[in-house]
Amino acid sequence: KNIVVEMLWFLSGKPDIGILHNHKCKFWDAWAESGEVPSAYGNFWRHFPVKGQMLSHSFDYEVSYNDQIKFVIDELKRNPMSRRLVVSAWAPGNAQTSKLPPCHCMFIFNVQLDENGKQMLCCHLTQRSCDIALGVPYNIASYALLIHIISEIVGIPVGIFAHTLVDAHIYTKKADGSMAEYDHIPGLLQQISRTPFPLPRLKIVQPAFDEGMWTLEEFTKLA
């Protein structure tokens with residue numbers, strides 16, 4: 001449930017965590033300041049700061065904002081074979097000084113053709129910092145959900161999710177035995193000893209509005 005709620009929060013572009021609290025999702029609370037997360041992924045997905053009009057000859061510029069998600073959706077509808085379907089959460093002015101810079105920092109949508117020549121929507125995620133025990137499985141499920149959401153909006157069937165891990169790590173206790181409560185090794189050993197359950201299946205019920213197609217606004221209203 002938290003994966004779904006968090007993704008809808010990201011897509012809303014809102015930095016405040018009210019949406020999360022409405023669904024009793026609290027794991028962003030520790031990073032919030034006055035009820036908002038300055039480094040919220042969705043804030044930069046939907047409001048990435050860019051240089052606007054020059055204000056004077058001293059090279060001062062007003063700040064404007066780019067809605068990267070809207071661009072990707074519009075471009076997929078207009079020109080699905082585009083190679084510019086990039087969304088970045090890494091805004092240097094924020095990320096270089098943030099207490100929590102984005103871990104899954106950039107993703108690219110890409111439309112490929114299957115063996116029958118039919119279009120399929122693919123996504124490649126680049127993750128700079130990768131907590132193998134907790135973060136990575138969560139991120140895989142989260143971005144798999146994102147592909148399905150965008151697929152529903154643009155009408156291109158889901159294809160392949162690819163994931164590049166730049167710094168993959170497992171947190172462990174220290175050599176002197178301290179910080180054992182943060183040691184992920186025992187839990188991971190237990191996990192790999194288990195027989196996996198069948199993979200879950202996602203079903204998005206087709207809406208009655210907008211001629212049967214979802215819109216980004218309707219998805220974010222679900223949160």
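**Charged pairs, cysteines and pockets**

Modeller: Glutamate 75 is buried, with a relative accessible area of 9%; buried means under 20%, exposed over 50%, and partly exposed in between, with a 1.4 Å probe and protein chains only. This is a predicted model, where local features need pLDDT of at least 70 and side-chain atom pairs count only at pLDDT 80 or more, while totals for chains, interfaces and linings use all residues. Residues are numbered from 1 along each chain as its sequence is written, and side-chain values use heavy atoms, with hydrogens and water left out.

Biologist: Which residue does glutamate 75 form a salt bridge with?

Modeller: Arginine 78, with the closest N and O atoms 2.4 Å apart. A salt bridge here is a side-chain nitrogen of Lys or Arg within 4 Å of a carboxyl oxygen of Asp or Glu. Both residues lie in helix α4, three residues apart, or about one turn of the helix. Helices (H or I, at least four residues) and strands (E, at least two) are DSSP runs, numbered from the N terminus.

Biologist: Is arginine 78 buried or exposed?

Modeller: Arginine 78 counts as exposed, at 56% relative accessibility.

Biologist: How many salt bridges by this rule?

Modeller: Five. One of them joins lysine 99 and glutamate 33, whose closest N and O atoms are 3.9 Å apart. That pair links distant parts of the chain, 66 residues apart: lysine 99 is in the loop between α5 (92-95) and β4 (104-113), and glutamate 33 in the loop between α2 (18-22) and α3 (41-46). Lysine 99 is exposed at 61%, while glutamate 33 is partly exposed at 44%.

Biologist: And what does arginine 46 meet in a salt bridge?

Modeller: Aspartate 67, at 2.8 Å from N to O. Arginine 46 lies in helix α3 and aspartate 67 in the loop between β2 (61-66) and α4 (68-78), so the bridge ties together parts 21 residues apart in sequence. Arginine 46 is buried, at 14% relative accessible area; aspartate 67 is partly exposed, at 22%.

Biologist: How far is the nearest cysteine sulfur from cysteine 105?

Modeller: 8.7 Å, and it belongs to cysteine 103. Cysteine 105 counts as buried, at 14% relative accessibility.

Biologist: Now pockets. How much space lies in the largest pocket?

Modeller: About 670 Å³. On a 1 Å grid over the protein atoms alone, a pocket is an open set of points where a 1.4 Å probe fits, with protein on both sides within 12 Å along at least five of seven lines; lining residues have an atom within 4 Å of a point. Grid points are joined across faces, edges and corners, and a volume is the space filled by probe spheres set on the points.

Biologist: Which residues are closest to its centre?

Modeller: Of the 19 lining residues, Trp31, Leu100, Cys103, Asp131 and Gly135. Elements giving two or more residues to that lining are α1 (2-12), β5 (119-131) and α6 (135-154).

Biologist: What about the second largest pocket, which element gives the most to its lining?

Modeller: α6, with six residues. The second largest pocket has a volume of about 500 Å³.

Methods
A disulfide is a pair of cysteine sulfur atoms within 2.5 Å.
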